[in-house]
Amino acid sequence: MSFSTDLQSKNITLYPVVEVDGNYYSTNNTTFNGNYCKPLLLNIPSIKQSTNIDTRTFKISNVTLNFSNIEYERTRFSDLLIDKSFLNIEATIYFVTQNSSELVYKGIIRRITHDDTQANVELEDITEKETH
């Protein structure tokens, strides 16, 4: 079955999977393409893009990912930042259904903020990088 066919079915299972630097995260405790997804993603990302044909402008979508920064498997999400800067690293967002998946967004990490409970990762659409 295809992704669009899955979306037409009566019972839809739809959740995001985010890949950052070889690590996988989701809102669900699941595996994706053989990779374990840590269930640290707190929200389903909202992705918006627009093109104005009259003015020939393309609005680049920014996405904010919210991760739990509570200790999980004896580490916090923010602990990853100690050894390596994630700035300018590519992140990929997939939407997964019961039978298939669809790559929906590729972005570059532009900003990371965190506190004891939550880490926010701001992505900028990869087309900005490719157009320059």
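Two residues count as being in contact when their heavy atoms come within 4.5 Å. With that in hand, take the protein chain of this predicted model: among its contacts with a separation of 6 or more, 53% join residues 24 or more positions apart.

Now for the layout. The protein chain has three helices and ten strands, and reading along the sequence gives α-β-β-β-β-β-β-β-α-β-β-β-α.

How far can you trust the picture? The average pLDDT of the protein chain is 85, with 83% of the residues scoring at least 70.

Next, look inside. Of the 132 residues in the protein chain, 34% are buried. The largest nonpolar core has 19 residues, and L65, F67, I93 and L123 are the ones touching the most other members. Strand 1 (15-20), strand 7 (62-68), strand 8 (90-96), strand 9 (101-114) and strand 10 (118-125) each give two or more residues to this core.

Leaving aside residues up to four places away in sequence, F67 touches V18, Y25, L40, L41, L42, F77, T117, Q118, A119 and V121.

The protein chain exposes about 8,200 Å², and 45% of that is supplied by carbon and sulfur atoms.

Methods:
Residues are numbered from 1 along each chain as its sequence is written. This is a predicted model: local features need pLDDT of at least 70, side-chain atom pairs count only at pLDDT 80 or more; totals for chains, interfaces and linings use all residues. Side-chain values use heavy atoms; hydrogens and water are left out. Helices (H or I, at least four residues) and strands (E, at least two) are DSSP runs, numbered from the N terminus. Buried means under 20% relative accessible area, exposed over 50%, partly exposed in between (1.4 Å probe, protein chains only). Accessible areas come from the Shrake-Rupley method with a 1.4 Å probe; for residues, only the protein chains shown count as cover. A nonpolar core is a set of buried Ala, Val, Leu, Ile, Met, Phe, Trp, Tyr and Cys residues joined through side-chain atoms within 4.5 Å. pLDDT is the predictor's confidence in each residue, from 0 to 100.
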